[in-house]
Amino acid sequence: MSRILRVVLNSRPGKNGEPVPENFRVEESTLTTDLKPGEVLVRTLYLSVDPYMRCRMNEDTGADYLSPWVLSECVDGGGVGVVESSRHDAFSKGDTVTSFNWRWQTCDVVDGSRLQKLDPDLVNGHLSYFLGAVGMPGLTALLGVREKGHLKPGANQTMVISGAAGACGSVAGQIGKLDGCGRVVGICGSEEKCRVLVSELGFSSAVNYRKGDVSAALRESCPDGVDVYFDNVGGAISDTVIAQMNKDSHVILCGQISQYNKDVAYPPPLSTETQELLHSKNITRERFMVLSYMEKHEAGLLQLSQWVKAGQIKVLETIVNGIENMGGAFCSMMTGGNIGKQIVKISD
């Protein structure tokens, strides 16, 4: 038996409530480390907090592919860890592994079929990148741009990204540049984020939606209108961007984080005015789900790895230490407290 710490769902924020750290509870538990055939003992290195988890805090997630977290039970999400011992043929002590359903606890015994082995060389040893730029957020950015953006090399297109300083948006903007956009403009929530997007990630310009007239700032940054919009936030910001989109342009509908604390369907309904704009300008706006492109994940991760290793994609992370800070990290991420991917480091 081994003593561990784990995070359980303490309470639900309610469909229209904002999550608070107290919705989560850290508790001590014990773990039986005698392995049955096929089982693996893993030690957690890094855990991910992501916007979709807000839906899992509700009794009904509103999505058939997402199960709700259960009150007083350990919550789960993306994680990376190391194998401590194994009775599964595919894994050996010291292997780096990941899972989409990694329980928020310091150590765990899992069925080896739930784990995927990772090659640390793909990220030059930065294992947390497997939860960000060379993981699901990076894949979401890459496949979103490639499958729904309809970029045309040499066409000097303008791409706008909302939530541009987050895990997905920060990578999507850089991919837009790599794939030939003439102008890439980020929308984010602070002057510091704007500075980072332009000076470190190579965005053409950035708009702070908390400061001044967003519509006017966007018009100044996009004098030829908007051809591709990578939408991470929804709501009023998206209405503002869509109002400046060109004929036959494309919305990449990735996320709607501004709406996740409201009891509305996903994707949330648009205003009549915005709906009419989409129709009159023939703007495509189709829901994008990275899980619909499983056959493209392996090649996509290799491409992301190559870009990261070559320095063509710069990776931003906000890392906090300690499993006791999972709830705080999640709530901070939901209100834009992070720059880049929000990660919690659990152990060395």
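This is a predicted model: local features need pLDDT of at least 70, side-chain atom pairs count only at pLDDT 80 or more; totals for chains, interfaces and linings use all residues.

**Helix packing and loop features**

Helix H2, residues 136–148, and helix H3, residues 167–178, have axes that come within 8 Å of each other and cross at roughly 40 degrees. Two packed helices are described by the angle between their axes and the distance between the axes. Angles under 35 degrees count as roughly parallel and those of 65 to 115 as roughly perpendicular, so H2 and H3 are oblique to each other. As to handedness, the crossing in which H2 passes H3 is right-handed.

I turn next to the backbone. Most residues other than glycine have a negative phi. Asn 156, in the loop between H2 and strand S8 (158–162), has a positive phi, near 55 degrees. With a relative accessible area of 53%, Asn 156 is exposed, because the cut-off for that class is over 50%.

Ser 72 also has a positive phi, near 65 degrees. Where is Ser 72 found? Ser 72 sits in the loop between H1 and S4. Its relative accessibility is 40%, so Ser 72 counts as partly exposed.

The loop between helix H1 (53–56) and strand S4 (76–86) holds Tyr 65 too. Tyr 65 has a relative accessible area of 40% and is therefore partly exposed.

Technical notes:
Residues are numbered from 1 along each chain as its sequence is written. Side-chain values use heavy atoms; hydrogens and water are left out. Helices (H or I, at least four residues) and strands (E, at least two) are DSSP runs, numbered from the N terminus. Buried means under 20% relative accessible area, exposed over 50%, partly exposed in between (1.4 Å probe, protein chains only). Axes are lines fitted to C-alpha atoms, for helices over the stretch in contact, and angles run from 0 to 180 degrees between N-to-C directions. Angles under 35 degrees count as roughly parallel, over 145 as roughly antiparallel, 65 to 115 as roughly perpendicular and the rest as oblique. A crossing is left-handed if the near helix is turned anticlockwise from the far one by less than a right angle, and right-handed if clockwise.
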